[in-house]
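Good morning. I would ask you to look at the model on the screen while I go through a few of its elements.

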Amino acid sequence: MQLSIFWRLALGSLAIIVVVAGVNFYALSQLRLLTALSTELVSFQYPAIETAKRLTTSLYAQLRNEKKYLAVRDAAFLRDFDDEAEEFRRSLTALLEQETAPDGQKLLESTQRLHEEYRTLLRSYVTDGTAPSPIPADEYETRRDALIDEMTDTLDTYVDLHEARVSSLVTDSRARSARAEGITRQLVVLAVLLGLGLAAVASYSILRPLRRLQEHIRQIGQGKFGHSVEITAPSDLRELVDTVNWMGKKLQELDEMKAEFLSHISHELRTPLASIRAGTQLLLDEIPGPLSHAQRETLQIMTDSSERLIRLISTLLDLSKMEAGMMEYRMAPTDLKRVAEGSVNKVRLLAEERHIKIQTDAPPNRVWVSADSARIEQVLDNLLSNALKFSPEEATVSLRIQPDPRAGVVRVSVSDTGPGIAPEDVPHLFERFYQGRMQARHAVAGSGLGLALVKKVVEAHGGQIQVESELGKGTTFRFSLSQPRSGVPA
């Protein structure tokens, strides 16, 4: 089942959207992980470290208030100690509630226990002043200092623990960030390549049948109607392909009808025209009786017109055969120089009437080509006739024959010094019945079939005809014929 253009584009776009969405989802998940790490650092790790440091500071403040009280026995210092100790207890309890790691909880619980021992020790040492202290001063200070040192060491260990965690989280965050950046970059490149690949596949699957269809339409425009094109195309284009194939078949039918019509008409016209030409020739030869001057001129005009019409009909018939593929070419080693001399002799009288010089540039020896001599003679006749038609009086028409042994061909060119051909006319020169602006401007008679026949004959010989022209300086037609591979007649 062939997908339509809409579904091809829709599925391709959907695939690209899915890939881009996958890249975005991965990037978003990594961003969430990095955000969670940052949140943990900001909301717990750093505050825990700061709280532990404040607890150490508070512990030293309690120690100072205690020493002041013991030194001066002022109750205000004892109250300050109690306030500081109560704040220490609340901060430590809050920190313990937030702590989730077992080792951290153990350190905080140890600190809490030691602090309670410290307060109990102080209460047991301090009396109301009427009775002596049950604990000697030296023993009290020793036990107090040991508790203070143990609490500060425990808090420092707690700080070190969280600082290690912070360092680990920062390192992990950097590693995750770098890894996510690399993977995201690779996924973006992959998404771009996949998107381009899908776009190329979708475009190729759509443009390829369109280009084949365009080429088929171009061939139809060139007159090649004989075959249909089979294209694997989206369902949207199938109807267009079928329509173009139908159009080609109809054009083929019309072309065959036209060729048959031209062939029939040409054949039917040839016989009466030949009779008219034969009859006028008999009259010109004065076989029925003598002619007056006016009668002879009239008969000469009739003879010339009938011959021109016979040539036109012959050209139409030949073109119809060529386009139908029915023209037979008798390829054989041919002396191109002899064929060229025959064509030059045919137009020599016309050239002399207009005082035009025909200059032939050819090797002194025979020039052999593999060709149908009669058809090549038609080519040279048409090219030389056109050159003479468009050349002014006392001009020069050049026919050049140049063998190229390395390429295995003989190059032929016919040049004139006429008005030249307009650039917009050049692409249409070899179309049937086409007459350019220069021909209409200079009122040159012609059917517009000669160059079409020339192109068909040259292409049938495996060559191509080219034209070079410049307004006001003249025109040159060039073509080449292959040399025979086997030996040539002596």
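**A helix across a sheet**

Helix α7 (residues 336-353) lies across β2, β4 (396-404), β5 (409-416) and β7, and runs at about 180° to β4. Contact here means heavy atoms within 4.5 Å. Axes are lines fitted to C-alpha atoms, for helices over the stretch in contact, with angles from 0 to 180 degrees between N-to-C directions. Helices (H or I, at least four residues) and strands (E, at least two) are DSSP runs, numbered from the N terminus.

Before continuing, a word on provenance. The model is predicted: local features need pLDDT of at least 70, side-chain atom pairs count only at pLDDT 80 or more, and totals for chains, interfaces and linings use all residues. Residues are numbered from 1 along each chain as its sequence is written, and side-chain values use heavy atoms, with hydrogens and water left out.

Now the sheet. In what order do the five strands of the open sheet run? The order is β2-β4-β5-β7-β6, with mixed pairing; two strands pair if DSSP finds at least two bridges between them. At the edges are β2 (357-361) and β6 (466-470), each of which pairs on one side only. From one strand to the next, the twist averages 15°. Strand β7 (residues 474-482) pairs with β6 in the antiparallel sense, over five bridges. Within that pairing, Ser469 has Thr475 of β7 as its bridge partner.

Next, a pair of helices. The axes of α2 (residues 75-98) and α3 (residues 102-125) come within 10 Å and cross at roughly 160°. The two are therefore roughly antiparallel to each other, a term for angles over 145 degrees. Their contact includes Phe81, Phe88 and Leu92 of α2, and Leu108, Tyr118 and Leu122 of α3. By class, the contact residues divide into nine nonpolar, five polar and five charged. Ala, Val, Leu, Ile, Met, Phe, Trp, Tyr, Cys and Pro count as nonpolar, Asp, Glu, Lys and Arg as charged, and the others, Gly among them, as polar.

Let me turn to burial. In helix α10 (residues 450-460), the buried residues include Leu451, Leu453 and Val457; buried means under 20% relative accessible area, exposed over 50%, and partly exposed in between (1.4 Å probe, protein chains only). After α10 comes Gly462, with a positive phi near 80°.

Finally, Leu283 is found in helix α5 (residues 235-284). Is Leu283 buried or partly exposed? At 33% relative accessibility, Leu283 counts as partly exposed. Leaving aside neighbours within four places in sequence, Leu283 is in contact with Pro288, Leu291 and Leu299.

Methods:
Parallel < 35°, antiparallel > 145°, perpendicular 65-115°, else oblique.
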